[in-house]
Structures are given as C-alpha cells and as structure tokens.
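Biologist: Please take me through the side-chain packing of this structure.

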Amino acid sequence: MNDQQLLQLLDKYLRNECTPEEKMLLESWYERYESPLGDTAPDPAPRISAVYDSIAARLREEGEMPALEPAPVRRMAPRWWKAAAAAALILAGTAAFWFTRQPAMLVATAPAGNSSFVELPDGSRVWLNVRSSLEYAGDMRKNGREVFLRGEGYFEVSPNQKQPFIIHTNDLSVQVLGTSFNLKAYDEDAALETTLVDGKIAVALRNQPSQRQLLSPGQKLLLTRKATPGAQGQDWGAFYALLENTANTIKDTIVNESLWRKGRLQFRDQSFTELAKTMERWYDKRIIIRDASLNDNRFSGEFRKEDITRALKALQLIANFTYDMRGDTVFIQQ
C-alpha cells in the first residue's frame, strides 16, 4: 500500500464509504504496525484528519495529485483511532519500510495444503510452506531487498554485499548478506524458528532491536512465546530465546529443516494441540480437540502422501482417541 492508496482509503473511511473488505484491509494494515500509544485513545477525528491533510499536502507538493477538498471529519470506532495513530508514525518516519512511498508490492502465496516456489527479482529463491505468503518489491535493486513473510519459508538469498536482504515478520527482522536458511513464523504458533543452513544471518525482535542473535551454520534460534507452558531460555521480553545445534553437516540441516519442500510433514516431540495446528495447514481442515488431557501425549514422526484419515489412524497407534469428520472439521476426543 503506497501513499496514494493509503490516502484514498482514509478518505473513504472519513466519508463512511469503505466497503467491509476495505475496512478489513485497513485493519490488517494497522495490526502489522501496532501503535505504541496504548489502548486509551484521544478524540481520533482531529488526528485522522491531520494525517489525511499531511499526506495530501505532500503529494500535491510533488505534483502527484491535484488540490482536494478537505476530507470530512467524523468520530471513529475505538479500534480505528489506532490506524490513524499508526499512519502518523509513518509520516514521522518511524514506521517500518512497508508503507514508505514504494511501488506496488508483489505477493507470492502458498494456500493450505500446498507449498509454492518464487524467484525474486534479485535472483534469490524462496520456497513457501502451506498457508504462507511473501510480499516484495518488483524492482528490488531500486527499492531495496526487504520482504515481508507470513508463515514459513526456505530462503536461498543471492549474495550482495552492498545491499543486505532483510525479512520482516510480525515479530522478527532477519538480516542476510547471502545464505540459505529456514524461517518459520506462523502467527498462531507458540514458537518462531530460524535455522541457518549456510552463510550468516542476524535475527532480532522488531520492537526490541537490541535483542539480537547471530547464527552460524547448523544453528537454530527458537523463540517461544512466554505464555507457552514449559517455555524456557534467555529472557527476550515477550519470548524466551534458545539457541540449538541442529546437525553435524549442512546436508543434515537441510534434510531436517526443510523436508516440507519435498511434500513430507515432519514433527518432533509435539503436543496434540501443536500437531493439530500443523495438520490444519497441511490438510486444509479445522481440527478441534475436545479433551485437553490428550495433550499429555507427545508425537514424533513423518507423513508423506497420507491423507488426513490415514494420518489420524497412524496417530491412534500412539494415543487413545477417536475422531469424527464433519465436512472440513475434525473433532477429536477420547
């Protein structure tokens, strides 16, 4: 979303003309860059009007739009004042790169049940796991090698000493010069995983850049959300950080961390809830676990071409449970 698009969207919102889809877009935009101003908002109308006027004035100065009538001012619902505050941060230059004035971004996606591959304009190659997406600039040489990942991706980054490659997720920023690594950052998962295959990368929290870790080949940085039972490691604010060695060789690391690229679902020491989240993405089903006691079981294994019925029957050899499939929803109970 560039300045022109943001301006049009704010204008429509002020005029109470947004469609439900446009309101959802604005909400998604805000959720990515949450305002640090807290949950208690001042009267939002003057703030949103000032943001609108500031963007419009700058674009008029640059000759990119004619003079406009002032946008109407109305009171906004409580959650939308935050979008205005986030827009103000953009104008101040303190927001992330995503909404500075750039050309339209391109999006590569992998839907539930399928992985995908994309070669970026700079020659870097990215494999996306199920229910993942990658946004990037069409001209990376001119507009920078910064991308935004949702979900999980395996990256082979084209070397460029003068222009580092930076991956943003909702929680992390990963800086690269030229390397291969796997980054798993699903919003709904309890932990974020970054595993380096070759080269060198630096992983940092976006809202706490001082929390930063350099990785060597074969190392994995595991960031577990503090609300997760049994989480441990170095205190990184909202996360516990744990640095692990994954394998003895690069080949072993590739095999262990990116089997999903070959259509193989691997899981290690996962609770039923953790495994269910992975299977939901893999099989494009909703899985509801009705008995919390089933999380006393831990699962390790690998599925290849099994459909969800065969996968569940294999899990029944380990844990005592039954299941019912109703349309796209699976109910699991003892």
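Modeller: A nonpolar core is a set of buried Ala, Val, Leu, Ile, Met, Phe, Trp, Tyr and Cys residues joined through side-chain atoms within 4.5 Å; buried means under 20% relative accessible area, with a 1.4 Å probe and protein chains only. The model is predicted, so local features need pLDDT of at least 70 and side-chain atom pairs count only at pLDDT 80 or more, while totals for chains, interfaces and linings use all residues. Residues are numbered from 1 along each chain as its sequence is written, and side-chain values use heavy atoms, leaving out hydrogens and water.

Biologist: How many residues are in the largest nonpolar core?

Modeller: L120, L134, F155, F165, I167, F181 and L223 touch the most other members of this core. The core has 32 residues.

Biologist: Which kind of aromatic pair do W127 and Y154 form?

Modeller: Rings of Phe, Tyr and Trp (its six-membered ring) pair if their centres lie within 6.5 Å; planes under 30 degrees apart count as stacked, over 60 as edge-to-face and the rest as tilted. For W127 and Y154 the centres are 5.8 Å apart and the planes are at 70°. The pair is therefore edge-to-face.

Biologist: Which kind of aromatic pair do F155 and F181 form?

Modeller: Both F155 and F181 are buried. Their centres are 5.2 Å apart, with 10° between the planes, and the pair is stacked.

Biologist: Which residue has its charged end over the ring of W127?

Modeller: A charge sits over a ring if NZ of Lys or CZ of Arg is within 6 Å of the ring centre and within 35 degrees of the ring normal. The charged end here is 4.5 Å from the centre of the W127 ring. It belongs to R261.

Definitions and conventions
Buried means under 20% relative accessible area, exposed over 50%, partly exposed in between (1.4 Å probe, protein chains only).
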